[in-house]
Amino acid sequence: MTDPVVKPIRPRAAVILAAGQGTRMKSPTPKVLHKLAGRTLLDHAIDAAEGLGCERIIVVVGAHSPQVGEAARKRLGPDATVIQDPPLGTGHAVLAAKDALADFEGDVVVTYADCPLTTAGVIAPLFDQITGGAHVAVLGFEAHNPTGYGRLILAPGHVLLRIVEEKEADLATKQVKHCNSGVLAADRAILFDLLANVRNDNAKGEYYLTDVVGLAHDRKLVTRAAFAPEASVQGVNSQAELAAAEAVWQKARRDALMVEGVTMPAPDTVHLSWDTKIAGGAVVEQFVVFGPGVGVESGAVIKAFSHLEGAHVGECALIGPYARLRPGAEIGPEAHIGNFVEVKKVKIGKGAKANHLSYLGDGSVGEKANIGAGTIFCNYDGFEKFETHVGKGAFIGSNSALVAPVRVGDGAMTGSGSVITKDVEDGALALARPEQTIKAGWATKFRALKQAKKDAKTK
Ligand code: UD1
Ligand code: MG
């Protein structure tokens, strides 16, 4: 879930830095295309920029990972990316966006694409400083262990004198716990004017974005810090850090859902997606996984060990335990989808039941219909998919195979074990299985014969 979009007083643009290599992820997938809560880190950063009301968003990408640029352009449009090649520091990265923002009048916020917990709400206090008259504002945090971060050199009243990078810091500066998150905002013209004066005569030989603060202060511009909780500005540099950020996100979202009235007896075992919607009054039992695109209405119960994605669960429906709802599963109110039932692209009517061991793929099930155990919608012939429609109040006998395309009418029945290949009219019974034959006494005789043979051998 993202914060609601604000309407800023002055126009806003964002420059999202994503040109780092991300080598510590040790993955062929670029770092910022890894997912948190089912959404890429890049998309989380774009969500934050959009949530702040940024009307222009520029993503700075490296030449080494074209997929990042593709992903950004796919979402934001063809002009949304600039390439920084080679990467010569954060200041140099922001300068890469200079031409793209040349005609923009307003404030620019610089963020990192690898900080998925830095939402619009987390960044908002930075703009309070800008609105309050700051020319340059930096989002800081108090670090538990400040090693590695740029230190904020502050004067009373959140006045920011300069930022000193770890590699440039003397012993006294290293004691400073106020650190730079990396998020900075300034008027566009002022920012690029200051950046033009940033030099790389430092320990890393890089153009530090953070140097604009000292330059602005020297020019008697107003420079201020705002603060955010440390956990909300953590970057992701390794798989372990990605998992840690995921855990923080999951807990926060579960807590928010519980505040809204969702019952979760074991919240730590429930995994949500960025867009999971669960109404207050719903129950989510242990070990339930929500992939993207799920909505659950009030009164519904999602029982333990169920997996849902791209599905909608109506009011007071019962799902699971061990149910699998795949994209396009639309479960009507009061319907039951039981253990080991898989539903894909099927609309299940109000009060319908499929309680055991079934595959329902492509089609519909009418209100109050009952799908017997082991029913399969045979939807695929190896080349194409076809639909199965089961009418209102129909009764599908256990272990029926409904070979699509096929329709079972309202109130119709199919006998257990039937392979239904032709439409069944309303109210009819369809039987498609061999007639049963009875051979009286056959089993008794058979056993006696076999036993006699066995006894003869062992003598
Ligand atoms: C930076 C800040 C530091 C801050 C820390 C917070 C500077 C000089 N330092 O340090 O004050 O405490 O982040 O995590 O700004 N990037 C580019 N192009 C580049 C270099 C970096 O796009 O040429 C991107 C990276 O992909 C990353 C971000 O900028 O998303 C930060 O880069 P990183 O190298 O991690 O900076 P730090 O040294 O950690
Ligand atoms: Mg870093």
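**Lys392**

I started with the contacts of Lys392. In this predicted model, Lys392 touches Gly366, Glu367, Asp410 and Gly411, leaving aside residues up to four places away in sequence. I then asked which loop holds Lys392. Lys392 sits in the loop between β26 (388-390) and β27 (395-396).

**Domains**

Next I looked at how the protein is divided. I noted domain 1 (12-233) and domain 2 (239-430). Their centres, taken over C-alpha atoms, are 44 Å apart. How many residues does the contact take from each domain? I found 11 residues from domain 1 and 11 residues from domain 2. About 980 Å² is buried between domain 1 and domain 2. Carbon and sulfur atoms give 67% of that area.

**Ligand 1**

I moved on to the ligand. I listed 20 residues around ligand 1. Which of the 20 come nearest? They are Gln84, Gly89, Thr90, Glu165 and Asn180. I sorted the shell by residue type: 9 are nonpolar, 8 polar and 3 charged.

For Gly89, a polar backbone atom is 2.8 Å from an oxygen atom of the ligand. For Gly150, the distance from a polar backbone atom to a ligand oxygen atom is 2.9 Å. For Leu88, a backbone N or O atom lies 3.4 Å from an oxygen atom of ligand 1. How much of ligand 1 does the protein bury? Taken alone, ligand 1 exposes 750 Å², and the protein buries 81% of that.

**Backbone geometry**

I finished with the backbone. I kept one rule in mind: most residues other than glycine have a negative phi, and most peptide bonds are trans. I looked for departures from it.

Is the peptide bond from Asp85 to Pro86 cis or trans? I found it cis, with omega near 0°. Pro86 lies in the loop between β5 (81-84) and α3.

I noted another cis peptide bond, joining Gly320 and Pro321. Its omega is about 5°. Pro321 belongs to the loop between β19 (318-319) and β20 (324-325).

Last, I checked the phi of His158. Is it positive or negative? The value is positive, near 60°, in a residue other than glycine. I placed His158 in the loop between β8 (151-155) and β9 (159-164).

Technical notes: Residues are numbered from 1 along each chain as its sequence is written. Chains are lettered from A and ligands numbered from 1 in the order in which they are written. This is a predicted model: local features need pLDDT of at least 70, side-chain atom pairs count only at pLDDT 80 or more; totals for chains, interfaces and linings use all residues. Side-chain values use heavy atoms; hydrogens and water are left out. Helices (H or I, at least four residues) and strands (E, at least two) are DSSP runs, numbered from the N terminus. Contact means heavy atoms within 4.5 Å. A residue is near a molecule or strand if one of its heavy atoms lies within 4 Å of it. A polar contact is a pair of N or O atoms within 3.5 Å; within protein, one must be able to donate a hydrogen and the other to accept it, and residues adjacent in sequence count only if both atoms are side-chain atoms. Accessible areas come from the Shrake-Rupley method with a 1.4 Å probe; for residues, only the protein chains shown count as cover. Ala, Val, Leu, Ile, Met, Phe, Trp, Tyr, Cys and Pro count as nonpolar, Asp, Glu, Lys and Arg as charged, and the others, Gly among them, as polar. Domain bounds come from an automatic or database domain assignment. Buried area is the accessible area (1.4 Å probe) that two parts lose on being put together, summed over both.
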